[in-house]
Amino acid sequence: MIPREVLQKIRRIQIRTSHLADNLLAGQYHSAFKGRGVEFEEVRPYRIGDDVRAIDWNVTARSGEPFVKLFREERQLTVTLLVDLSASQGLGTHWQTKRELIAELGATIAYSAMKNNDKIALTLFTDGIEKAIPPRSGSRHVLRVIRELLYCQPMGHGTDITTALEHLNRTAKRRSVAFLVSDFQDRGYEKALKVARRKHDVIPIVVTDQREFELPDVGLLELVDSETGEIAMIDTSSRRQRRLYAERAREIATTRDQLFKRLRMDPIYVSTGDDFVDPLRKFFHQRECRR
C-alpha cells in the first residue's frame, strides 16, 4: 500500500510535469526527436512511374524482372529512462533531494514522450538492476513511471552504470532514445557507454548538488559516503581542506565531461534547487538546430 503522502506527491508531480510538457516543451521535444524516418516494408514489381532509385537490384537480378522497395513511415520512438537510485541520490541541501529532482525530470520527459505518441521504458538501477518496466504508451503507464521513480525502495546502495547500459543493450530490440540519469559517481563505464552509444541515442543527464563541490566553514565535520559507508573527518575551518575538496570534485567532473566530449555526447546538467526546464529547453533547441 502506497502511503498517502506519496500519492499526494505523485499527484503534484503529475500536474506540474504534465503542464510543462503541454505548454513549454512539447513542440521542442517533437522537433528534437522526429522518429526513425522510414523503414523497409516489402518489394513489388516495378510499375511505370516508379522512382528508379527504389529498384532493389538484388531481387531484380534473381528474378529477371525489375522490383522496387516499398517503405513505410516510422515515427514512434521508444524513450528509455535509465535512472540511478543509488544512496547518493538522497543528498539534498536545498528544498529537494537529487532523487526528488530526478522524479520531476523523468516525469517531464515521460509526459513529453507521451504527447508525441512515443513509448516509454524505465530501468531503475543501483549496483544492480532494481526494476525494469518495458516500453508502453499512455497516461496510466506514465503514472506508473512516476510512482516507481518516487516510491521504489532499492536493495542496493552503490552505482554501476555499466550494468545499466548492458541491460539496455540486451533488452532494447530497437534503437531507442536513452536518457541516462545519474550523478555519475562511478568508474569504469567508458567501454559500456561506447557500445551503447553505437546502438542507441544515449543522452547523459548529470544530477548534482552544491555540497558535492563546496563545503561550508562549520569546523570539524564527519562525512559518510552513503554508497560505501566509508567515513572521513574533515576540518572545514581549514581553507586548504575546503580547496582540496573542491579541486577533487572538479577533477572528477572534468574527467566525466571529457569522456562525453570524446564520444560526441550532449549531456544535460541539472542541480537541486534549480529549475531543470531551461537545461531541457536548451538541449531540445540544440538538437532541433542540428537536425
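**Pockets and rings**

I began with the second largest pocket: by class, nine nonpolar, seven polar and five charged residues line it. My classes: Ala, Val, Leu, Ile, Met, Phe, Trp, Tyr, Cys and Pro are nonpolar, Asp, Glu, Lys and Arg charged, and the others, Gly among them, polar. The model is predicted, so local features need pLDDT of at least 70 and side-chain atom pairs 80 or more, while totals for chains, interfaces and linings use all residues. Residues are numbered from 1 along each chain as its sequence is written, and side-chain values use heavy atoms, without hydrogens and water.

I then looked up the largest pocket and found a volume of about 1400 Å³. A pocket here is an open set of points on a 1 Å grid over the protein atoms alone, where a 1.4 Å probe fits, with protein on both sides within 12 Å along at least five of seven lines; lining residues have an atom within 4 Å of a point. The volume is the space filled by probe spheres set on the points, which are joined across faces, edges and corners. I noted that α7 gives the most to this largest pocket's lining, with 10 residues; helices (H or I, at least four residues) and strands (E, at least two) are DSSP runs, numbered from the N terminus.

Last, I checked the rings and found three aromatic pairs. Rings of Phe, Tyr and Trp (its six-membered ring) pair with centres within 6.5 Å; planes under 30 degrees apart are stacked, over 60 edge-to-face, the rest tilted. Phe184 and Tyr189 are tilted because their planes stand at 50 degrees, with centres 6.0 Å apart.
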